Amino acid sequence: MEYLEFEKPIEELMEQYQTCSVVGEDAGVDVKLACSQIEDKIIEKKKEIYGNLTPWQRVQLSRHPNRPYTLDFINGIVDKDSFLELHGDRNFADDPAMIGGLATIDGHRVMLIGTQKGRTTKERQHRRFGMSNPEGYRKALRLMKLAEKFKIPVVTLIDTPGAYPGLEAEERGQGEAIARNIFEMTMLKTPILCYIIGEGASGGALGIGVGNKVYMLENTWYTVIAPESCSSILWRNWNHKEDAANALKLTPKDALEHKFIDGIIEEPLGGAHYEPKVAYDHLKQSIIQNIKGFSKFSGKELEQQRQEKFISMGQFKG
């Protein structure tokens, strides 16, 4: 387990607990009581730290090196061996930063689409840190249209610092691809459920983020720009990223208060990386509940509900 800077007190207690266990075994001494007391301190410290997270600390947790990524969540929620990944946009290429495919969750057919990061240096380069090219968004749209044809619900898992900003992405129409997805998703006649499972930045997230329901996991963020980028624009450096995180109102609580999302999915104490299976189960429960809830809606009703949901977010004066 890796620990972030503000998690150091927990790391120290965990080291004490491990030392206590090892000493007890080596010396043949009963140290259950001592270890139990340290365990209690660990839980108390976790509640203290994770119950008072700043927006910037929540951003850091969303990027935790041990946090589950999209494929981890997919493998954790689908029926065994049911995920069939589909590739390519049928126009230019396949994009490894955007994955998608058919699966079943408790027997319910779904089309799963999401942005995938990498853990090793080689995989991160291959996945471009979860930043999709235009062909990634076009692949996602192709799969959504396929799901619509066969009346299969679409579930998107969002974890991206933004769309890929490279020259080749702009040359192939990055902005158009994202705009097209947003436009088409407003009119899709099948349920769309969107979940921010890590980072949810800018158009990169919104390109697969227009749904009948939008949820955020507890330790995630969702806003128009990353705090570091906001800081570099306003202050010409990254030193004010914490101030930017505060000003952007990017936490799940902020998003729910402003009615940008429909709910917050609870994570295990300390984050999804502590007990991934618990996080998978909470996500799975939400997906199944919403699939059942929207099963009686007609295609036209789904389209109308989705459009009204997003139109109601804006305010304007005539």
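This is a predicted model: local features need pLDDT of at least 70, side-chain atom pairs count only at pLDDT 80 or more; totals for chains, interfaces and linings use all residues.
Biologist: Where does Asp106 lie, and what is its phi?

Modeller: Asp106 sits in the loop between strand 2 (98–105) and strand 3 (108–115), where strands (E, at least two residues) and helices (H or I, at least four) are DSSP runs numbered from the N terminus. Although Asp106 is not a glycine, its phi is positive, at about 50°. Lys259, likewise not a glycine, has a positive phi of about 65°; Lys259 is placed in the loop between helix 12 (252–257) and strand 8 (263–265) and is exposed, with a relative accessible area of 65%.

Biologist: Which residues of helix 14 are buried, and why do they fall on the same side?

Modeller: In an α-helix there are 3.6 residues a turn, so residues three or four places apart point the same way. In helix 14 the buried residues are Leu302, Glu303, Arg306 and Lys309. They cover an arc of only 130° around the axis, taken from the directions from the helix axis to the C-beta atoms, and this puts them on the same side of helix 14. Their cover includes helix 8 (174–185), strand 5 (192–201), strand 6 (213–217) and helix 13 (276–294), in contacts that mean heavy atoms within 4.5 Å. The face turned away from the buried side carries the exposed residues Lys300 and Ile311.

Biologist: At what angle do helix 4 and helix 13 cross?

Modeller: Axes are lines fitted to C-alpha atoms, for helices over the stretch in contact, with angles from 0 to 180 degrees between N-to-C directions. The axes of helix 4 (residues 70–77) and helix 13 come within 9 Å and cross at roughly 70°, which makes helix 4 roughly perpendicular to helix 13, a term for angles of 65 to 115 degrees. Asp72, Phe73, Gly76 and Ile77 in helix 4 meet Ala279, Tyr280, Leu283, Lys284 and Ile287 in helix 13.

Definitions and conventions: Residues are numbered from 1 along each chain as its sequence is written. Side-chain values use heavy atoms; hydrogens and water are left out. Buried means under 20% relative accessible area, exposed over 50%, partly exposed in between (1.4 Å probe, protein chains only). Angles under 35 degrees count as roughly parallel, over 145 as roughly antiparallel, 65 to 115 as roughly perpendicular and the rest as oblique.
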